[in-house]
Amino acid sequence: MSTLQHSMEPNVGASQLINLDSSDSHTETKIKIHSVEVETSTSPILPEFHGVMVDHEDIRVEPLLNDDGGISVTWEDLWVTVSDIKGRRKRIVQGLTGYAHPGEVLAVMGPSGCGKTTLLDALAGRLGANTRHTGDILINGRKQALAYGTSAYVTQDETLIATLTVIEAVYYSAQFQLPNSMSKSEKKEIAEITIQEMGLHDCMNTRIGGWGTKGLSGGQRRRVSICIEILTRPKLLFLDEPTSGLDSAASYYVMSRITQLEQREGRTIIAAIHQPSSEVFELFDNLCLLSLGRVVYFGPASATNEFFTSNGFIYPTLRNPSDQFLRMINTDFNEDIEHGSTGKVAKEEVINILVTSYNSSDSHQRVKRQVSDICRKGGGSLETSRSHASFFTQCLVLTKRSSVNMSRDVGYYWLRLAIYVTLAVSLGTLYYDVGTSYSSIQPRGALLMFIASFLTFMAIGGFPSFVEDMKVFEVESCSV
Ligand SMILES: Nc1ncnc2c1ncn2[C@@H]1O[C@H](COP(=O)(O)OP(=O)(O)OP(=O)(O)O)[C@@H](O)[C@H]1O
Ligand SMILES: [Mg+2]
(Lines give C-alpha, C1' and ligand atoms only; values in the text may rest on other atoms or scores of the structure.)
(Ligands and ions follow the chains in the order given, each with its own letter.)
Protein backbone atom coordinates (compact mmCIF):
# COMPACT_ATOMS: atom_id res chain seq x y z
CA MET A 1 0.00 0.00 0.00
CA SER A 2 1.50 3.33 -0.94
CA THR A 3 0.28 6.69 0.22
CA LEU A 4 0.28 9.52 -2.22
CA GLN A 5 -0.44 13.01 -1.07
CA HIS A 6 -1.86 15.10 -3.82
CA SER A 7 -3.50 18.33 -4.68
CA MET A 8 -6.69 16.72 -5.96
CA GLU A 9 -10.04 18.39 -5.38
CA PRO A 10 -12.45 16.09 -3.48
CA ASN A 11 -14.68 15.28 -6.44
CA VAL A 12 -12.23 15.10 -9.24
CA GLY A 13 -13.37 12.81 -12.04
CA ALA A 14 -11.59 9.62 -13.01
CA SER A 15 -9.12 10.08 -15.87
CA GLN A 16 -8.86 13.78 -15.08
CA LEU A 17 -5.32 15.13 -15.02
CA ILE A 18 -3.98 15.69 -11.56
CA ASN A 19 -0.65 16.49 -10.03
CA LEU A 20 0.68 13.86 -7.68
CA ASP A 21 3.47 14.63 -5.35
CA SER A 22 5.11 11.40 -4.29
CA SER A 23 6.18 11.99 -0.74
CA ASP A 24 9.27 9.81 -0.87
CA SER A 25 10.86 11.04 -4.08
CA HIS A 26 9.76 14.69 -3.96
CA THR A 27 9.28 14.64 -7.70
CA GLU A 28 6.19 15.93 -9.38
CA THR A 29 4.82 13.74 -12.13
CA LYS A 30 1.85 14.32 -14.38
CA ILE A 31 -0.13 11.14 -14.70
CA LYS A 32 -3.54 9.99 -15.74
CA ILE A 33 -5.49 7.65 -13.49
CA HIS A 34 -7.97 5.18 -14.93
CA SER A 35 -10.79 3.75 -12.87
CA VAL A 36 -9.19 3.74 -9.48
CA GLU A 37 -11.05 2.73 -6.37
CA VAL A 38 -9.92 4.86 -3.47
CA GLU A 39 -10.77 4.82 0.16
CA THR A 40 -10.78 8.21 1.85
CA SER A 41 -10.08 8.07 5.52
CA THR A 42 -9.18 10.08 8.53
CA SER A 43 -6.14 8.59 10.14
CA PRO A 44 -6.66 7.62 13.82
CA ILE A 45 -3.03 8.44 14.44
CA LEU A 46 -3.07 11.73 12.55
CA PRO A 47 -6.64 13.04 12.83
CA GLU A 48 -5.75 16.05 10.72
CA PHE A 49 -4.68 13.75 7.88
CA HIS A 50 -7.35 13.59 5.19
CA GLY A 51 -5.31 11.77 2.61
CA VAL A 52 -6.31 9.12 0.12
CA MET A 53 -4.94 5.63 0.59
CA VAL A 54 -4.22 4.12 -2.79
CA ASP A 55 -3.01 0.61 -3.34
CA HIS A 56 -0.49 0.99 -6.14
CA GLU A 57 -1.43 -2.43 -7.55
CA ASP A 58 -4.86 -0.98 -8.35
CA ILE A 59 -3.78 2.02 -10.29
CA ARG A 60 -2.49 2.09 -13.78
CA VAL A 61 -0.11 4.97 -14.14
CA GLU A 62 0.31 6.09 -17.65
CA PRO A 63 2.67 8.89 -18.61
CA LEU A 64 1.23 11.40 -21.00
CA LEU A 65 1.79 10.23 -24.51
CA ASN A 66 3.87 11.98 -27.02
CA ASP A 67 2.11 15.28 -27.54
CA ASP A 68 5.53 16.85 -27.27
CA GLY A 69 7.14 14.54 -29.80
CA GLY A 70 8.24 11.85 -27.32
CA ILE A 71 8.76 8.35 -28.64
CA SER A 72 7.07 5.21 -27.34
CA VAL A 73 8.46 1.91 -28.50
CA THR A 74 6.48 -1.31 -28.23
CA TRP A 75 7.38 -4.83 -29.20
CA GLU A 76 5.02 -7.76 -29.24
CA ASP A 77 5.85 -11.43 -29.53
CA LEU A 78 9.36 -10.65 -30.75
CA TRP A 79 11.44 -13.62 -31.87
CA VAL A 80 14.98 -13.33 -33.18
CA THR A 81 16.78 -16.28 -34.73
CA VAL A 82 20.26 -16.60 -36.13
CA SER A 83 21.65 -19.20 -38.51
CA ASP A 84 24.82 -21.00 -37.53
CA ILE A 85 27.56 -22.32 -39.85
CA LYS A 86 25.61 -25.49 -40.59
CA GLY A 87 22.52 -23.46 -41.52
CA ARG A 88 20.54 -24.42 -38.40
CA ARG A 89 18.54 -21.64 -36.81
CA LYS A 90 19.14 -20.79 -33.16
CA ARG A 91 16.60 -18.81 -31.13
CA ILE A 92 18.19 -15.88 -29.36
CA VAL A 93 15.13 -13.94 -28.28
CA GLN A 94 11.89 -15.79 -27.64
CA GLY A 95 8.48 -14.13 -27.71
CA LEU A 96 9.29 -10.89 -25.92
CA THR A 97 6.58 -8.32 -25.31
CA GLY A 98 7.28 -4.94 -23.77
CA TYR A 99 7.27 -1.21 -24.11
CA ALA A 100 9.32 1.89 -23.37
CA HIS A 101 7.69 5.23 -22.60
CA PRO A 102 8.96 8.79 -22.98
CA GLY A 103 10.41 10.14 -19.77
CA GLU A 104 11.24 6.67 -18.47
CA VAL A 105 14.29 4.44 -18.30
CA LEU A 106 13.82 0.81 -19.20
CA ALA A 107 16.69 -1.34 -17.98
CA VAL A 108 17.32 -4.62 -19.78
CA MET A 109 19.19 -6.97 -17.50
CA GLY A 110 20.22 -10.58 -17.52
CA PRO A 111 23.27 -12.83 -17.58
CA SER A 112 25.83 -12.60 -20.35
CA GLY A 113 24.52 -14.07 -23.61
CA CYS A 114 20.84 -13.83 -22.66
CA GLY A 115 20.02 -11.58 -25.64
CA LYS A 116 20.21 -8.00 -24.31
CA THR A 117 22.23 -6.62 -27.21
CA THR A 118 20.10 -8.60 -29.67
CA LEU A 119 16.93 -7.06 -28.23
CA LEU A 120 18.40 -3.55 -28.49
CA ASP A 121 19.62 -4.22 -32.04
CA ALA A 122 16.17 -5.47 -33.03
CA LEU A 123 14.45 -2.40 -31.57
CA ALA A 124 16.95 -0.05 -33.20
CA GLY A 125 16.64 -1.87 -36.55
CA ARG A 126 20.31 -2.88 -36.53
CA LEU A 127 20.16 -6.66 -36.60
CA GLY A 128 22.93 -8.40 -38.54
CA ALA A 129 22.49 -10.00 -41.95
CA ASN A 130 22.36 -13.57 -40.62
CA THR A 131 19.57 -12.81 -38.15
CA ARG A 132 15.83 -12.90 -38.76
CA HIS A 133 13.10 -11.48 -36.60
CA THR A 134 9.35 -11.89 -36.35
CA GLY A 135 6.84 -9.92 -34.29
CA ASP A 136 5.79 -6.30 -34.23
CA ILE A 137 8.11 -3.47 -33.32
CA LEU A 138 6.13 -0.25 -33.34
CA ILE A 139 7.16 3.36 -32.85
CA ASN A 140 4.30 5.43 -31.41
CA GLY A 141 1.96 2.61 -32.38
CA ARG A 142 3.00 2.56 -36.02
CA LYS A 143 5.53 0.69 -38.11
CA GLN A 144 7.88 3.47 -39.05
CA ALA A 145 11.55 4.14 -39.45
CA LEU A 146 13.36 6.38 -37.00
CA ALA A 147 14.41 9.55 -38.77
CA TYR A 148 17.87 11.10 -38.41
CA GLY A 149 18.54 12.57 -34.99
CA THR A 150 15.48 11.04 -33.30
CA SER A 151 17.39 8.06 -31.94
CA ALA A 152 20.92 7.23 -30.94
CA TYR A 153 22.63 4.00 -30.03
CA VAL A 154 25.68 3.67 -27.80
CA THR A 155 27.00 0.27 -28.83
CA GLN A 156 28.69 -2.22 -26.53
CA ASP A 157 32.02 -1.92 -28.37
CA GLU A 158 33.47 1.53 -28.79
CA THR A 159 34.50 2.65 -32.23
CA LEU A 160 36.53 5.76 -31.67
CA ILE A 161 39.40 7.25 -33.60
CA ALA A 162 42.45 6.52 -31.46
CA THR A 163 44.55 9.50 -32.55
CA LEU A 164 42.03 12.23 -31.66
CA THR A 165 41.73 13.91 -28.29
CA VAL A 166 38.41 13.81 -26.40
CA ILE A 167 37.44 17.38 -27.35
CA GLU A 168 38.41 16.81 -31.00
CA ALA A 169 36.38 13.59 -31.25
CA VAL A 170 33.28 15.20 -29.74
CA TYR A 171 33.68 18.51 -31.57
CA TYR A 172 34.16 16.89 -35.01
CA SER A 173 31.05 14.85 -34.31
CA ALA A 174 29.16 17.98 -33.28
CA GLN A 175 30.24 19.73 -36.46
CA PHE A 176 28.71 17.19 -38.78
CA GLN A 177 25.76 16.09 -36.63
CA LEU A 178 24.41 19.49 -35.62
CA PRO A 179 22.64 21.69 -38.16
CA ASN A 180 24.29 24.38 -40.27
CA SER A 181 22.09 26.98 -38.60
CA MET A 182 24.31 26.68 -35.51
CA SER A 183 27.53 28.61 -35.45
CA LYS A 184 30.87 26.90 -34.84
CA SER A 185 31.11 28.45 -31.39
CA GLU A 186 27.65 27.13 -30.46
CA LYS A 187 28.65 23.65 -31.60
CA LYS A 188 31.86 23.86 -29.60
CA GLU A 189 29.93 24.98 -26.55
CA ILE A 190 27.52 22.03 -26.85
CA ALA A 191 30.51 19.67 -27.21
CA GLU A 192 32.15 21.12 -24.11
CA ILE A 193 28.95 21.04 -22.03
CA THR A 194 28.36 17.42 -22.99
CA ILE A 195 31.93 16.53 -22.03
CA GLN A 196 31.45 18.27 -18.68
CA GLU A 197 28.17 16.42 -18.12
CA MET A 198 29.97 13.12 -18.54
CA GLY A 199 32.72 14.19 -16.14
CA LEU A 200 35.47 14.18 -18.77
CA HIS A 201 36.71 17.78 -18.40
CA ASP A 202 40.01 16.64 -16.86
CA CYS A 203 40.96 14.55 -19.86
CA MET A 204 39.56 16.81 -22.59
CA ASN A 205 42.95 17.07 -24.27
CA THR A 206 44.02 13.47 -23.80
CA ARG A 207 44.22 11.27 -26.85
CA ILE A 208 41.67 8.46 -26.93
CA GLY A 209 44.30 5.83 -27.73
CA GLY A 210 43.71 2.29 -28.78
CA TRP A 211 45.66 -0.67 -30.07
CA GLY A 212 49.35 -0.13 -29.27
CA THR A 213 48.93 3.37 -27.83
CA LYS A 214 47.61 3.90 -24.33
CA GLY A 215 45.25 6.82 -23.93
CA LEU A 216 41.96 7.00 -22.07
CA SER A 217 40.90 4.35 -19.60
CA GLY A 218 38.09 1.95 -20.55
CA GLY A 219 35.49 3.85 -18.53
CA GLN A 220 36.51 7.20 -20.03
CA ARG A 221 36.28 5.78 -23.56
CA ARG A 222 32.77 4.55 -22.73
CA ARG A 223 31.78 8.05 -21.65
CA VAL A 224 33.24 9.57 -24.84
CA SER A 225 31.00 7.22 -26.85
CA ILE A 226 27.98 8.38 -24.82
CA CYS A 227 28.95 12.06 -25.35
CA ILE A 228 29.07 11.60 -29.11
CA GLU A 229 25.66 9.94 -29.21
CA ILE A 230 23.81 12.40 -26.97
CA LEU A 231 25.06 15.51 -28.78
CA THR A 232 21.89 15.78 -30.84
CA ARG A 233 19.71 15.24 -27.73
CA PRO A 234 17.85 12.32 -29.36
CA LYS A 235 14.34 11.49 -28.18
CA LEU A 236 15.11 7.77 -28.07
CA LEU A 237 18.38 6.53 -26.65
CA PHE A 238 19.67 2.96 -26.69
CA LEU A 239 22.56 2.32 -24.34
CA ASP A 240 24.33 -1.00 -24.43
CA GLU A 241 26.34 -1.43 -21.24
CA PRO A 242 26.84 2.30 -20.61
CA THR A 243 28.51 1.70 -17.26
CA SER A 244 30.93 -1.11 -18.05
CA GLY A 245 34.40 -0.15 -16.93
CA LEU A 246 33.08 2.46 -14.50
CA ASP A 247 33.28 2.27 -10.74
CA SER A 248 30.02 2.44 -8.82
CA ALA A 249 30.28 6.21 -8.16
CA ALA A 250 31.04 7.04 -11.81
CA SER A 251 28.23 4.68 -12.94
CA TYR A 252 25.84 6.50 -10.68
CA TYR A 253 26.87 9.97 -11.90
CA VAL A 254 26.75 8.96 -15.56
CA MET A 255 23.37 7.27 -15.24
CA SER A 256 21.89 10.05 -13.11
CA ARG A 257 22.95 12.69 -15.65
CA ILE A 258 21.42 10.66 -18.43
CA THR A 259 18.20 10.19 -16.45
CA GLN A 260 18.03 13.88 -15.53
CA LEU A 261 18.05 14.68 -19.23
CA GLU A 262 15.40 12.04 -19.79
CA GLN A 263 13.13 13.63 -17.20
CA ARG A 264 13.78 17.15 -18.45
CA GLU A 265 13.39 16.41 -22.13
CA GLY A 266 10.90 13.52 -22.10
CA ARG A 267 13.42 11.18 -23.61
CA THR A 268 12.89 7.41 -23.88
CA ILE A 269 15.88 5.41 -22.67
CA ILE A 270 16.43 1.70 -23.14
CA ALA A 271 19.63 0.54 -21.45
CA ALA A 272 21.12 -2.93 -21.32
CA ILE A 273 23.08 -3.04 -18.14
CA HIS A 274 25.26 -5.42 -16.16
CA GLN A 275 25.30 -5.48 -12.43
CA PRO A 276 24.13 -1.97 -11.44
CA SER A 277 24.76 -0.77 -7.90
CA SER A 278 21.63 -0.37 -5.78
CA GLU A 279 21.72 3.42 -6.31
CA VAL A 280 21.86 3.03 -10.09
CA PHE A 281 19.10 0.42 -9.91
CA GLU A 282 16.84 2.94 -8.19
CA LEU A 283 17.15 5.22 -11.22
CA PHE A 284 15.34 2.72 -13.43
CA ASP A 285 11.61 2.99 -13.93
CA ASN A 286 10.99 -0.36 -15.57
CA LEU A 287 13.00 -3.53 -15.71
CA CYS A 288 13.08 -6.22 -18.38
CA LEU A 289 14.84 -9.24 -16.93
CA LEU A 290 15.94 -11.81 -19.48
CA SER A 291 17.38 -15.27 -19.20
CA LEU A 292 18.11 -17.58 -22.14
CA GLY A 293 16.23 -15.16 -24.40
CA ARG A 294 13.00 -15.33 -22.40
CA VAL A 295 11.39 -12.71 -20.18
CA VAL A 296 11.69 -13.59 -16.52
CA TYR A 297 10.16 -10.31 -15.38
CA PHE A 298 8.94 -7.08 -16.99
CA GLY A 299 7.54 -4.34 -14.85
CA PRO A 300 8.42 -1.63 -12.36
CA ALA A 301 12.01 -2.04 -11.21
CA SER A 302 10.96 -1.35 -7.64
CA ALA A 303 8.60 -4.35 -7.65
CA THR A 304 11.22 -6.92 -8.72
CA ASN A 305 11.98 -8.03 -5.15
CA GLU A 306 8.30 -8.61 -4.57
CA PHE A 307 8.10 -10.78 -7.70
CA PHE A 308 10.99 -12.99 -6.59
CA THR A 309 9.81 -13.33 -3.01
CA SER A 310 6.26 -14.12 -4.11
CA ASN A 311 7.73 -17.01 -6.10
CA GLY A 312 9.55 -18.42 -3.10
CA PHE A 313 13.02 -17.03 -3.82
CA ILE A 314 14.04 -15.11 -0.77
CA TYR A 315 17.40 -13.43 -0.47
CA PRO A 316 19.08 -11.36 2.24
CA THR A 317 17.55 -7.90 2.44
CA LEU A 318 20.79 -6.04 3.09
CA ARG A 319 22.37 -7.06 -0.21
CA ASN A 320 22.16 -5.45 -3.63
CA PRO A 321 18.96 -7.00 -5.06
CA SER A 322 20.22 -7.00 -8.65
CA ASP A 323 23.27 -9.08 -7.58
CA GLN A 324 20.93 -11.58 -6.04
CA PHE A 325 18.43 -12.05 -8.82
CA LEU A 326 21.10 -12.07 -11.53
CA ARG A 327 22.83 -14.87 -9.66
CA MET A 328 19.58 -16.83 -9.59
CA ILE A 329 19.00 -16.69 -13.33
CA ASN A 330 22.58 -17.21 -14.52
CA THR A 331 22.74 -20.67 -16.09
CA ASP A 332 26.43 -20.52 -17.06
CA PHE A 333 27.54 -21.82 -13.69
CA ASN A 334 25.96 -24.72 -11.84
CA GLU A 335 24.57 -23.83 -8.48
CA ASP A 336 21.35 -24.90 -6.83
CA ILE A 337 19.12 -22.15 -5.49
CA GLU A 338 17.12 -22.25 -2.29
CA HIS A 339 13.41 -22.34 -3.12
CA GLY A 340 10.81 -21.72 -0.39
CA SER A 341 8.93 -25.02 -0.06
CA THR A 342 10.88 -27.46 -2.28
CA GLY A 343 14.41 -26.93 -0.95
CA LYS A 344 17.24 -26.51 -3.45
CA VAL A 345 16.37 -26.42 -7.15
CA ALA A 346 18.55 -26.32 -10.29
CA LYS A 347 18.98 -23.04 -12.22
CA GLU A 348 16.97 -24.29 -15.23
CA GLU A 349 14.13 -25.12 -12.89
CA VAL A 350 14.38 -21.65 -11.28
CA ILE A 351 14.04 -20.02 -14.70
CA ASN A 352 11.11 -22.24 -15.65
CA ILE A 353 9.33 -21.38 -12.40
CA LEU A 354 9.89 -17.65 -12.90
CA VAL A 355 8.98 -17.58 -16.60
CA THR A 356 5.80 -19.57 -16.01
CA SER A 357 4.90 -17.40 -13.05
CA TYR A 358 5.53 -14.18 -14.99
CA ASN A 359 3.47 -15.36 -17.98
CA SER A 360 0.48 -16.01 -15.76
CA SER A 361 0.96 -12.91 -13.63
CA ASP A 362 -0.94 -9.63 -13.52
CA SER A 363 2.29 -7.85 -14.49
CA HIS A 364 2.29 -9.67 -17.82
CA GLN A 365 -1.35 -8.78 -18.44
CA ARG A 366 -0.57 -5.16 -17.52
CA VAL A 367 2.31 -5.08 -20.01
CA LYS A 368 0.03 -6.45 -22.74
CA ARG A 369 -2.61 -3.84 -21.89
CA GLN A 370 -0.03 -1.07 -21.96
CA VAL A 371 1.24 -2.23 -25.34
CA SER A 372 -2.25 -2.29 -26.83
CA ASP A 373 -3.08 1.11 -25.24
CA ILE A 374 0.01 2.67 -26.79
CA CYS A 375 -0.77 1.10 -30.16
CA ARG A 376 -4.36 2.32 -29.97
CA LYS A 377 -3.45 5.86 -29.03
CA GLY A 378 -0.56 6.11 -31.40
CA GLY A 379 0.80 9.36 -30.07
CA GLY A 380 2.23 12.36 -31.84
CA SER A 381 3.75 11.87 -35.24
CA LEU A 382 7.48 11.53 -35.33
CA GLU A 383 9.35 14.62 -36.32
CA THR A 384 10.71 14.25 -39.81
CA SER A 385 14.44 14.01 -40.09
CA ARG A 386 16.17 16.66 -37.98
CA SER A 387 18.43 18.93 -39.92
CA HIS A 388 22.11 18.21 -39.78
CA ALA A 389 25.18 19.75 -41.36
CA SER A 390 25.05 20.09 -45.14
CA PHE A 391 26.76 17.56 -47.39
CA PHE A 392 29.51 20.09 -48.12
CA THR A 393 30.19 20.73 -44.39
CA GLN A 394 30.20 16.99 -43.71
CA CYS A 395 32.76 16.41 -46.48
CA LEU A 396 34.91 19.25 -45.20
CA VAL A 397 34.81 18.12 -41.56
CA LEU A 398 35.41 14.46 -42.41
CA THR A 399 38.34 15.33 -44.71
CA LYS A 400 39.85 17.47 -41.98
CA ARG A 401 39.33 14.74 -39.36
CA SER A 402 40.80 12.12 -41.66
CA SER A 403 43.88 14.28 -42.40
CA VAL A 404 44.46 14.89 -38.67
CA ASN A 405 44.07 11.17 -38.01
CA MET A 406 46.43 10.13 -40.81
CA SER A 407 49.04 12.73 -39.95
CA ARG A 408 49.11 11.51 -36.33
CA ASP A 409 49.15 7.81 -37.18
CA VAL A 410 52.83 6.95 -37.64
CA GLY A 411 52.02 3.91 -39.76
CA TYR A 412 49.93 5.84 -42.27
CA TYR A 413 52.40 8.32 -43.83
CA TRP A 414 55.53 8.82 -41.78
CA LEU A 415 56.75 5.24 -41.65
CA ARG A 416 56.04 4.79 -45.32
CA LEU A 417 57.76 8.04 -46.19
CA ALA A 418 60.88 6.87 -44.35
CA ILE A 419 60.78 3.50 -46.19
CA TYR A 420 60.32 5.22 -49.58
CA VAL A 421 63.24 7.58 -48.96
CA THR A 422 65.48 4.67 -47.89
CA LEU A 423 64.39 2.66 -50.91
CA ALA A 424 64.91 5.58 -53.29
CA VAL A 425 68.43 6.13 -51.97
CA SER A 426 69.26 2.39 -52.18
CA LEU A 427 67.91 1.97 -55.70
CA GLY A 428 69.47 5.25 -56.80
CA THR A 429 72.86 4.02 -55.56
CA LEU A 430 72.43 0.64 -57.26
CA TYR A 431 71.25 1.98 -60.57
CA TYR A 432 73.31 5.15 -60.55
CA ASP A 433 74.70 5.92 -64.01
CA VAL A 434 72.84 2.99 -65.64
CA GLY A 435 73.39 4.63 -69.01
CA THR A 436 71.21 5.03 -72.08
CA SER A 437 72.52 2.20 -74.28
CA TYR A 438 70.51 -0.83 -75.43
CA SER A 439 72.06 -2.85 -72.58
CA SER A 440 70.46 -0.49 -70.02
CA ILE A 441 66.90 -1.44 -71.15
CA GLN A 442 66.91 -4.67 -69.13
CA PRO A 443 68.05 -3.11 -65.79
CA ARG A 444 65.58 -0.23 -66.30
CA GLY A 445 62.75 -2.75 -66.83
CA ALA A 446 63.79 -4.69 -63.72
CA LEU A 447 63.88 -1.44 -61.72
CA LEU A 448 60.39 -0.45 -62.87
CA MET A 449 58.99 -3.92 -62.10
CA PHE A 450 60.59 -3.84 -58.66
CA ILE A 451 59.16 -0.40 -57.87
CA ALA A 452 55.67 -1.35 -59.13
CA SER A 453 55.54 -4.55 -57.05
CA PHE A 454 57.03 -2.79 -54.01
CA LEU A 455 54.41 -0.02 -54.15
CA THR A 456 51.65 -2.63 -54.44
CA PHE A 457 52.81 -4.42 -51.29
CA MET A 458 53.29 -1.16 -49.44
CA ALA A 459 49.69 -0.18 -50.22
CA ILE A 460 48.55 -3.24 -48.20
CA GLY A 461 50.29 -1.64 -45.19
CA GLY A 462 47.46 0.91 -45.00
CA PHE A 463 44.83 -1.82 -44.75
CA PRO A 464 44.65 -2.14 -40.91
CA SER A 465 44.05 1.61 -40.60
CA PHE A 466 41.42 1.38 -43.34
CA VAL A 467 39.62 -1.38 -41.39
CA GLU A 468 39.57 0.86 -38.30
CA ASP A 469 38.14 3.73 -40.38
CA MET A 470 35.49 1.43 -41.84
CA LYS A 471 34.30 0.51 -38.33
CA VAL A 472 33.86 4.20 -37.50
CA PHE A 473 32.12 4.73 -40.83
CA GLU A 474 29.69 1.86 -40.20
CA VAL A 475 28.70 3.18 -36.77
CA GLU A 476 28.38 6.77 -37.95
CA SER A 477 26.43 5.87 -41.08
CA CYS A 478 23.92 3.91 -38.94
CA SER A 479 23.19 7.06 -36.94
CA VAL A 480 22.69 9.27 -39.99
N1 LIG B 1 24.88 -12.56 -35.37
C2 LIG B 1 25.00 -13.59 -34.55
N3 LIG B 1 25.47 -14.78 -34.97
C4 LIG B 1 25.57 -15.85 -34.13
N5 LIG B 1 25.20 -15.82 -32.84
C6 LIG B 1 24.74 -14.67 -32.36
C7 LIG B 1 24.61 -13.49 -33.17
N8 LIG B 1 24.10 -12.50 -32.42
C9 LIG B 1 23.94 -13.02 -31.19
N10 LIG B 1 24.30 -14.31 -31.14
C11 LIG B 1 24.24 -15.21 -29.97
O12 LIG B 1 23.09 -14.87 -29.25
C13 LIG B 1 23.30 -14.88 -27.86
C14 LIG B 1 22.93 -13.54 -27.26
O15 LIG B 1 23.85 -12.55 -27.70
P16 LIG B 1 23.81 -11.06 -27.16
O17 LIG B 1 24.98 -10.36 -27.74
O18 LIG B 1 22.48 -10.49 -27.43
O19 LIG B 1 24.01 -11.30 -25.60
P20 LIG B 1 24.10 -10.24 -24.44
O21 LIG B 1 23.00 -10.53 -23.50
O22 LIG B 1 24.18 -8.86 -24.98
O23 LIG B 1 25.48 -10.64 -23.75
P24 LIG B 1 26.58 -9.72 -23.05
O25 LIG B 1 25.99 -9.33 -21.74
O26 LIG B 1 27.74 -10.63 -22.88
O27 LIG B 1 26.83 -8.56 -23.95
C28 LIG B 1 24.77 -15.26 -27.67
O29 LIG B 1 24.84 -16.61 -27.37
C30 LIG B 1 25.40 -14.99 -29.02
O31 LIG B 1 26.42 -15.87 -29.27
MG1 LIG C 1 25.61 -7.40 -25.05
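In which helix is the place of V170?

Analyst: The model is predicted, and what follows is computed from its atoms. V170 sits in helix 2, which covers residues 166-177. V170 counts as buried because 25 other C-beta atoms lie within 10 Å, where 20 or more are required. Leaving aside residues up to four places away in sequence, V170 touches A191, T194, I195, V224, C227 and I228. One of these contacts, C227, is 57 residues from V170 in sequence, yet their C-alpha atoms are 6.9 Å apart in space.

As for the whole chain, among contacts with a separation of 6 or more, 71% join residues 24 or more positions apart. The chain has 480 residues, of which 31% are buried, and it contains 14 helices and 17 strands.

From first C-alpha to last, helix 13 reaches 29 Å, close to the 28 Å expected at 1.5 Å a residue.

The remaining topic is the ligand. Ligand 1 is surrounded by 14 residues, and the closest are S112, G113, K116, T117 and T118. Helix 1, residues 116-124, supplies three residues of this shell, the largest share. By type, the shell around ligand 1 divides into ten polar residues, three nonpolar and one charged.

Conventions: Residues are numbered from 1 along each chain as its sequence is written. Chains are lettered from A and ligands numbered from 1 in the order in which they are written. This is a predicted model: local features need pLDDT of at least 70, side-chain atom pairs count only at pLDDT 80 or more; totals for chains, interfaces and linings use all residues. A residue is near a molecule or strand if its C-beta atom, placed from the backbone, lies within 6 Å of it. Helices (H or I, at least four residues) and strands (E, at least two) are DSSP runs, numbered from the N terminus. Ala, Val, Leu, Ile, Met, Phe, Trp, Tyr, Cys and Pro count as nonpolar, Asp, Glu, Lys and Arg as charged, and the others, Gly among them, as polar. A residue is buried if 20 or more other C-beta atoms lie within 10 Å of its own, exposed if 12 or fewer, and partly exposed in between; C-beta atoms are placed from the backbone. Two residues are in contact if their C-beta atoms, placed from the backbone, lie within 7 Å. The expected span of a helix is 1.5 Å times one less than its number of residues.
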